[in-house]
Structure formats: C-alpha cells, structure tokens
Amino acid sequence: MAQERARPEERRHQRPPAALTATKLYAATGDASYLERARGLFAWIKANLQDNGHVYDHLEGSGTLVKWDFSYNFGTYISAAAALHKATGAASYLADARAAADWVTTYLTNGGTVMQEGVNDGGGFKARLIRGLNTLVKEHGQRRYLPFLQRNATQAWQHRRRSDNLVGPDWSAPAPSTYLQSLTAAAAVSTLQIVQPDGNAGLQPENGVYEAENAVPAGIGGESSQPGYSGRGYLAGWNSSGQTLTFHVNVASAGAHKLTFRYAAGAGDATRRVLVNGAQVAAGQPFPSTGGWGTWSTAVLDGVTLARGYNMIRLEMGSNFLNLDRLDLSGPTS
C-alpha cells in the first residue's frame with residue numbers, strides 16, 4: 001500500500017470520468033451510441049480497477065495495476081455507476097455504486113471524518129467523493145449515506161478557525177493559519193453547498209477508531225504485507241529519529257481517556273514518546289516485543305487528559321522498530 005501520488009503523466013487508464021461524460025451526453029442527445037460507450041467504459045473499469053467496491057487508482061501502460069487509494073477515484077466511480085443506473089434502470093449499477101460507497105466510507109476515514117489527502121490536487125479530492133455520495137442520497141434514495149455527509153460537512157465548517165472562514169485540507173483539524181490553496185478551500189465550500197444541513201453547530205465527536213495509515217505520518221511508509229491488520233494496512237519502517245505520526249482526534253467530553261495502540265514489534269521491545277496537544281504524556285511508552293511482524297498486540301496508555309472537541313496526539317521515535325496498525329480511543333475514564 002503506497003501513499004505516494006502519481007504525476008499526471010503517470011495516471012493512465014482512469015475511465016470513470018469518461019463513462020460519466022458519455023452517460024451525460026446520452027441524456028442530453030438521446031444518441032444511444034454514447035450510452036453503449038459509457039457501458040463499455042464502465043465494464044472495463046469494473047473488471048480492471050476495482051474489487052468488491054475497492055476502487056484502485058490506475059493501470060499503467062505496462063499493464064501494472066497501481067492500487068493507490070484516493071477519494072477522488074471512489075467519487076467518480078460512484079457517480080458513473082449512479083448515472084448508468086439512472087439511464088438504464090439496471091439494479092447492478094446501483095449495487096456497484098453502493099459497494100464503492102460502503103468501502104470508502106469505511107476505510108478512507110479518520111475516525112469517521114474523511115481523511116486528509118494532502119494539498120495540490122489532493123486537497124480537492126474529498127469534494128468529488130462528497131458529490132458522488134450526495135447523488136446517491138438525493139437521486140437514488142440511498143439515505144444511509146446522509147448522516148456521513150452531514151457530519152463531515154459540519155466537521156469541516158467547525159474546523160475553519162480563521163478570520164476568513166476558510167477550511168483546510170484536514171477536516172479533523174483546525175485550518176492552518178498560513179496560506180491555503182483555492183482547491184483545498186473549495187472542497188469544503190462545495191460540500192456545504194450541496195449537503196442537506198442537519199442543524200448541528202458543533203464539532204463532531206469521531207468514532208474512536210483511528211487507523212494509523214489514515215493519520216498524518218512524517219517519514220513513515222505504509223505497508224500491507226503482514227496478515228491480521230485492520231483497515232487498509234499499517235505503518236512500517238519506523239526506526240529513525242525525526243519519524244513521527246500525528247493523530248487528529250475529536251472527542252465528545254473532556255477528561256481522562258484511554259489510548260490503546262495496536263502494533264507489532266518483531267525486532268524486540270520498542271518505545272515511543274507520546275505528546276498530547278504539545279505536552280509530553282509518556283517519555284517512553286513501552287511496546288513489548290510481539291515475537292514477529294505478523295503477530296499483533298496492544299499497548300495501553302490510560303488516564304490521558306483530552307479537551308472536549310479537537311486534540312492532537314503525536315508519537316515520536318523512541319527505541320527500536322515498530323509497526324503501528326491503529327489507535328483506539330475511549331473515555332473519559334475514571
């Protein structure tokens with residue numbers, strides 16, 4: 001599982017936007033050749049770029065399938081499938097759209113908030129996903145996705161924290177005070193324009209499950225080769241000074257919380273420094289040896305005080321190698 005993003009010239013054989021365009025041309029002109037082209041394009045996508053709703057990034061000219069995960073790909077796939085369902089009435093297309101929607105809303109989130117995907121083109125990816133999901137809700141009666149859309153719209157807006165009311169690339173964290181790219185800020189604007197308001201004016205508590213691969217790493221790569229991980233994979237190759245991992249979390253109540261880290265320590269006992277909102281809470285949190293990289297265990301840090309709403313949990317290098325799979329957050333504890 002790679003976290004790197006392709007350069008435009010490397011992103012080949014990505015056909016969902018073409019399938020969607022062909023379907024729209026059919027709706028506008030009545031020319032059946034456009035519909036047949038759309039069906040053919042989508043059939044190719046389904047056969048080559050997805051697996052049970054998991055939509056991959058692209059197929060290179062050499063035939064290599066690149067399995068990067070981006071919300072943009074899910075959004076365009078969902079929209080294309082929904083448009084074909086509308087044009088043909090075939091239930092299979094709606095099932096395709098729902099499978100992708102279920103996958104992305106389960107695995108590409110940070111505690112239930114759409115994960116951040118960086119800046120540049122990645123800063124706008126979430127908007128394409130939101131539009132696809134919103135189409136399912138409004139045009140196809142799939143209201144099961146409405147709460148997800150509403151809480152994410154509210155989450156984005158409540159994290160603006162700026163005098164200009166702009167929203168940053170990470171909807172789980174306050175917008176940075178530095179400059180923001182227009183595409184990044186526009187993702188939240190687009191979402192707020194189309195999602196039905198829910199009347200909730202506060203930060204949205206997240207579900208307490210934070211996959212490490214969906215957090216914010218610095219110098220740590222993603223991997224999915226060892227069995228037994230949760231989510232899409234885990235973070236690996238963490239053994240050098242300067243490598244860090246930051247979780248942006250939002251909780252319902254202030255007080256003492258329990259942090260449970262799911263990890264593998266195949267090279268022996270390891271430690272990590274843990275900071276919460278910039279203050280050290282553990283100088284050397286122990287991660288005892290698991291005896292192998294395919295053997296997972298948990299390390300608990302209890303009684304950690306969090307503020308109501310947003311908090312930042314950061315892990316820094318201590319000693320030895322460590323693979324980190326997930327953070328489970330619960331509390332307040334007594």
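User: How many bridges join β8 to strand β11, and in which sense do they run?
Analyst: This is a predicted model. In it, β8 and strand β11 (residues 244-251) run antiparallel and are joined by 3 bridges. Ala-218 stands opposite Thr-244 in β11.

User: What is the strand order in the open sheet of 5 strands?
Analyst: The order is β8-β11-β16-β13-β14, and the pairing is antiparallel.

User: Which strands stand at the edges?
Analyst: β8 (216-218) and β14 (279-287) do. Each has a single partner strand, so one side of each has no neighbour in the sheet.

User: By how much are neighbouring strands of this sheet turned against each other?
Analyst: On average by 25°, with direction ignored.

User: Which sense does β12 take against β17, and over how many bridges?
Analyst: Strand β12 (residues 255-264) runs antiparallel to β17, with 7 bridges between them. Lys-258 of that pairing stands opposite Ser-330 in β17.

User: And what about β7 and β10 with β17?
Analyst: Strand β7 (residues 209-211) pairs with β17 in the antiparallel sense over 3 bridges, and Glu-211 stands opposite Arg-326 in β17. Strand β10 (residues 234-238) also pairs with β17 in the antiparallel sense, over 2 bridges. There, Leu-235 stands opposite Leu-324 in β17.

Methods. Residues numbered from 1 in each chain as written. Predicted model: local features only at pLDDT ≥ 70, side-chain atom pairs only at ≥ 80, totals over all residues. Heavy atoms only, no water. Pairing = 2+ DSSP bridges. Helix = DSSP H or I, 4+ residues; strand = E, 2+ residues; numbered from the N terminus. Axes fitted to C-alpha atoms, helices over the stretch in contact; angles between N-to-C directions.
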